[in-house]
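Trainee: I have a model open and want to read it with care. Can we go through it by question and answer?

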Amino acid sequence: MARTQKNKATEYHLGQLKAKIAKLRTQLLEPPKGSSGAGEGFEVTKYGHGRVALIGFPSVGKSTLLTMLTGTHSEAASYEFTTLTCIPGIIHYNDTKIQLLDLPGIIEGASEGKGRGRQVIAVSKSSDIVLMVLDASKSEGHRQILTRELEAVGLRLNKRPPQIYFKKKKTGGISFNSTLHLTHIDEKLCYQILHEYKIHNAEVLFREDATVDDLIDVIEGNRKYMKCIYVYNKIDVVGIDDVDRLSRQPNSIVISCNLKKSSNPLPCLHINIAIEFGQLNLDRLLAKMWEAMGLVRVYTKPQGQQPDFAEPVVLSADRGGCTVEDFCNHIHRSLVKDVKYVLVWGTSARHYPQHCGLSHPLQDEDVVQIVKKKEREDGGGKGRFKSHSNAPVRISDREKKAPLKT
């Protein structure tokens, strides 16, 4: 592929080669059929309202960052591969608990199993977002190497799923449609890629101008799309121009865990300084992490009482959703059937309080009061319109009234 020129005549050949590589790579990642039981892994039990994984090369400051943010001790030393297993810690931020995982450093070739790279990447797949810790004093190539290793095992960083509808069928051949003009792929190339996967009956609909790689990702169906924050550590050993350039890159933030104490603060607008602790910009890191996770805190309000601001119900789009129905399911599964309407105070309401249904989307720090349906009487109707009385059915069973006194 590297030797092949890219033009109109060779795009079909390159598309077929990309499909073959993706297919063979998937077969390599599958465990052998005759393998024994699972060995010792890194996986730890999920805890809290979100999970964040620290990924990076050895000796970039992942363990020190975990110790600074959570208080959990993770051994740090002046040699590589100090951390050999997954060490969890808990960040208490904005009334929520976020699990932070310190993973062993990964090296080039980790997607093929070097340095137990597959186990490390498998744990990072189970997290909500990834913090890619990089050394600001090293070359920019480290970021590309790590991104390439993660993409090789099906992780797509800071990308959204392609707008391609794909469904296999039993008969009828291949149906190819698009809602706009395609510039990267056409019907013939799509047919060739599907035939490479031995798919001869399917329905394909393009809703965006997607590439060949996007189509292969949709056919494979095992890709994970995650948000990633690039954390540049050790900025106290580089110049202010490099710090300013790194801090302006998208999805990037600059920090220093062990800043040498100085009386002259760095004159840069993109960083906050906490000199007394030897830390730099960790508060901005937590704020950016909170924004990327998209957690929504919802406070409950019992009828006729003040809202309970002590323990919020934490929702997220990645873990169930952020509607009123998801909020009710979070409290109890059977609550949805009994809801009459919901009163909402907060940024998602047009006026206070707003009567809402189950499909209303909630926003951060909303206050919700659930009004349940009243139990209906058996007879239905009220007063003289009651169709049912409590008297016995047979006249002989009724109690005789005492005779009137005259």
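Trainee: What is the average pLDDT of the protein?
Mentor: This is a predicted model, so begin with confidence, the predictor's own score from 0 to 100. Of the residues, 82% score at least 70. The average pLDDT is 82.

Trainee: Which element has the lowest mean pLDDT?
Mentor: Strand E8 (residues 202–206) has the highest mean, 94. At the other end, the mean is 44, for residues 273–274. That element is strand E11.

Trainee: Are helices H2 and H8 roughly parallel or roughly perpendicular?
Mentor: H2 spans residues 62–70 and H8 residues 282–293, with axes 12 Å apart. The packing angle is about 85 degrees. Angles of 65 to 115 degrees count as roughly perpendicular. So H2 and H8 are roughly perpendicular.

Trainee: How many residues of the contact of H2 with H8 are nonpolar?
Mentor: H2 brings Leu65, Met68 and Leu69. H8 brings Leu282, Leu285 and Leu286. No polar and no charged residues take part; the nonpolar count is six.

Trainee: Which backbone oxygen does the side chain of threonine 70 reach?
Mentor: The distance is 2.7 Å. A polar contact needs N or O atoms within 3.5 Å. The oxygen belongs to leucine 66.

Trainee: How many residues of helix H6 are buried?
Mentor: H6 covers residues 212–220 and is mostly covered. Among the buried ones are Asp217 and Glu220. Glycine 221 follows H6, with a positive phi near 75 degrees. Of the nine residues in H6, the buried count is seven.

Trainee: Which backbone nitrogen does the side chain of aspartate 308 reach?
Mentor: Aspartate 308 lies in strand E14 and is partly exposed at 34% relative accessibility. Beyond four places in sequence, aspartate 308 is in contact with Tyr299 and Thr300. Its side chain reaches a backbone nitrogen at 3.2 Å, that of alanine 310.

Key: Residues are numbered from 1 along each chain as its sequence is written. This is a predicted model: local features need pLDDT of at least 70, side-chain atom pairs count only at pLDDT 80 or more; totals for chains, interfaces and linings use all residues. Side-chain values use heavy atoms; hydrogens and water are left out. Axes are lines fitted to C-alpha atoms, for helices over the stretch in contact, and angles run from 0 to 180 degrees between N-to-C directions. Helices (H or I, at least four residues) and strands (E, at least two) are DSSP runs, numbered from the N terminus. Angles under 35 degrees count as roughly parallel, over 145 as roughly antiparallel, 65 to 115 as roughly perpendicular and the rest as oblique. Contact means heavy atoms within 4.5 Å. Ala, Val, Leu, Ile, Met, Phe, Trp, Tyr, Cys and Pro count as nonpolar, Asp, Glu, Lys and Arg as charged, and the others, Gly among them, as polar. A polar contact is a pair of N or O atoms within 3.5 Å; within protein, one must be able to donate a hydrogen and the other to accept it, and residues adjacent in sequence count only if both atoms are side-chain atoms. Buried means under 20% relative accessible area, exposed over 50%, partly exposed in between (1.4 Å probe, protein chains only).
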